[in-house]
Amino acid sequence: MRLWIHDPLAIFAEGAGRGLVVEDGVIVEIVPAGAVPSRPADARFDASRHVVLPGLVNTHHHFYQTLTRAHPEAINKPLFPWLQALYPIWSRLKPRHLELASRLALTELMLSGCTTAADHHYLYPAGLENAVDIQVEAARDIGMRMTVSRGSMNLSQKDGGLPPDSVVQDEDAILADSERVLKLFHDPRPGAQVRIALAPCSPFSVNKRLMSESAALAERYDCQLHTHLCETEDEERFCLEVYGLRPVDLLEETGWMSKRTWLAHGIHFNAEEIGRLGRAGVGVCHCAASNMVLASGICRTCELEQAGAPVGLGVDGSASNDASNMMEAARHALMIGRLRYGAGAVTHLDVLRWGSEGSARCLGRDDIGKIEVGRQADLALFTLDEPRFSGAHDPLAALVLCGAHRADRVMIGGRWRVIDGAPADFDLAPLLAAHKAAAREFA
Ligand SMILES: [Zn+2]
């Protein structure tokens with residue numbers, strides 16, 4: 001069926017004044033102002049109330065943390081004490097908790113206009129060995145695209161790392177499971193719903209062998225690599241003390257300086273390191289809200305992009321944001337970017353591009369993230385009907401500056417998954433009730 005989404009109020013795409021045509025889940029035609037589709041459409045959707053964006057792509061999250069938002073043990077602390085307060089609470093995570101948390105986070109993201117999400121699940125207490133399987137099933141049920149990042153930690157307190165022994169695995173178990181889930185779930189083809197990435201957690205929770213072996217596996221199975229890097233100055237001190245290396249040198253030594261890699265945060269780089277990352281094509285996921293909440297610092301997005309590094313956006317885990325809203329992430333990126341670079345340097349178009357095409361590049365994808373012929377029909381449509389938009393002039397700027405946070409419609413692979421601001425395929429209320437009940441077990 002050819003669906004013409006016509007006459008948008010505004011659209012974040014070149015020459016698409018009269019909209020776009022979707023067929024078999026793919027964008028097949030861009031319709032310029034004053035034109036009609038080259039062949040008749042079977043159906044039409046009137047978008048004259050809608051601002052149309054490419055579906056937003058979230059490149060960093062920890063879904064399980066939706067169960068510990070605004071937790072009194074952790075609020076008002078910087079990263080290391082924050083983590084040390086939460087690890088023992090998180091060690092109680094069971095499969096049913098992760099299932100509910102994944103469904104809730106995916107739904108929350110989708111309602112904000114997100115169509116693809118990467119989750120970084122690195123917590124493996126005994127009994128949660130099938131975390132990836134649980135997340136893949138949740139993504140398939142909700143209908144979102146996902147890069148499920150098989151996270152890992154193998155450097156616990158007994159070996160000089162930060163996490164307690166109860167939440168880590170040994171590297172042979174991690175590598176065997178990484179290979180298992182790559183074989184089972186990783187789909188490198190265009191239009192894939194599920195991809196796997198390998199994601200040793202951070203320099204202070206994994207050893208060098210796990211980093212190197214993960215990079216070798218990624219090469220063999222053609223998947224992306226992800227980790228937290230240069231989030232805080234504490235991390236930099238840890239790397240210098242334990243490895244005698246700065247974090248970027250550690251990345252280089254373990255075979256991670258390539259387009260396969262995208263990093264969460266990427267704050268504390270020096271100018272020379274930014275050049276090296278850009279030349280290697282390493283992507284950086286800017287998590288503005290989390291960085292502000294934990295007072296970690298400000299990502300040098302503009303220098304990174306100028307150096308050639310893909311820049312994407314991420315909401316980060318729900319214990320440090322504490323919301324999973326991609327439009328909010330774009331707004332935060334604009335504001336903190338301006339604080340750093342000045343009022344003209346970071347525009348609403350920049351942050352929308354980072355949250356869509358830039359994020360897609362971080363995930364190694366050129367089949368999503370942009371409204372362009374041949375890409376997947378992943379779209380987010382917003383109305384400007386709420387009081388906060390009343391009186392706004394430039395509709396695209398209004399989304400970011402007035403603070404859009406809920407999409408009216410979301411399409412993924414040509415199928416409407418959000419209609420009238422609510423999930424199209426399921427009832428939100430029972431999911432919310434079950435998730436809230438589960439969260440009480442983490443008080
Ligand atoms: Zn994180």
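## Basis of the model

Residues are numbered from 1 along each chain as its sequence is written, and side-chain values use heavy atoms, with hydrogens and water left out. Because the model is predicted, local features need pLDDT of at least 70 and side-chain atom pairs count only at pLDDT 80 or more, whereas totals for chains, interfaces and linings use all residues.

## The zinc site

The zinc ion is coordinated at 2.1 to 2.6 Å by NE2 of H60, H62 and H228 and by OD of D316, where donors are N, O and S atoms within 2.8 Å of the metal (3.2 Å for Na, K and Ca) and the site may look incomplete, since water is not among the atoms. Along the sequence these donor residues follow the spacing H-x1-H-x165-H-x87-D. H228, in strand β11 (residues 224–229), and D316, in the loop between β14 (311–313) and α11 (326–341), are 88 residues apart and link distant parts of the chain; helices (H or I, at least four residues) and strands (E, at least two) are DSSP runs numbered from the N terminus.

The four donor atoms subtend angles of 86 to 171° around the zinc ion, and the arrangement is therefore irregular.

## Helix α5

Helix α5 (residues 208–221) has 14 residues and spans 20 Å from its first C-alpha to its last, close to the 20 Å expected at 1.5 Å a residue, the expectation being 1.5 Å times one less than the number of residues. Its buried residues are L210, M211, S214, A215, L217 and A218; they lie on the same side of α5 because they cover an arc of only 165° around the axis, taken from the directions from the helix axis to the C-beta atoms.

These buried residues pack against β9 (145–152), α4 (171–185), β10 (194–200), β11 and α7 (247–253), with contact meaning heavy atoms within 4.5 Å. The face turned away from the buried side carries the exposed residues E219 and R220, and just after α5, D222 takes a positive phi of about 55°.

## E29 in strand β4

E29 lies in strand β4 (residues 26–30) and counts as buried because its relative accessibility is 13%. The E29 side chain makes a polar contact with the side chain of R2 at 3.2 Å, meaning a pair of N or O atoms within 3.5 Å in which, within protein, one must be able to donate a hydrogen and the other to accept it, residues adjacent in sequence counting only if both atoms are side-chain atoms. A polar atom of the E29 side chain also lies 2.7 Å from the backbone nitrogen of S38.

Note on methods:
Four donors count as tetrahedral if all angles lie between 85 and 135 degrees; four count as square planar and six as octahedral if opposite donors are over 155 degrees apart and all others between 65 and 115; anything else is irregular. Buried means under 20% relative accessible area, exposed over 50%, partly exposed in between (1.4 Å probe, protein chains only).
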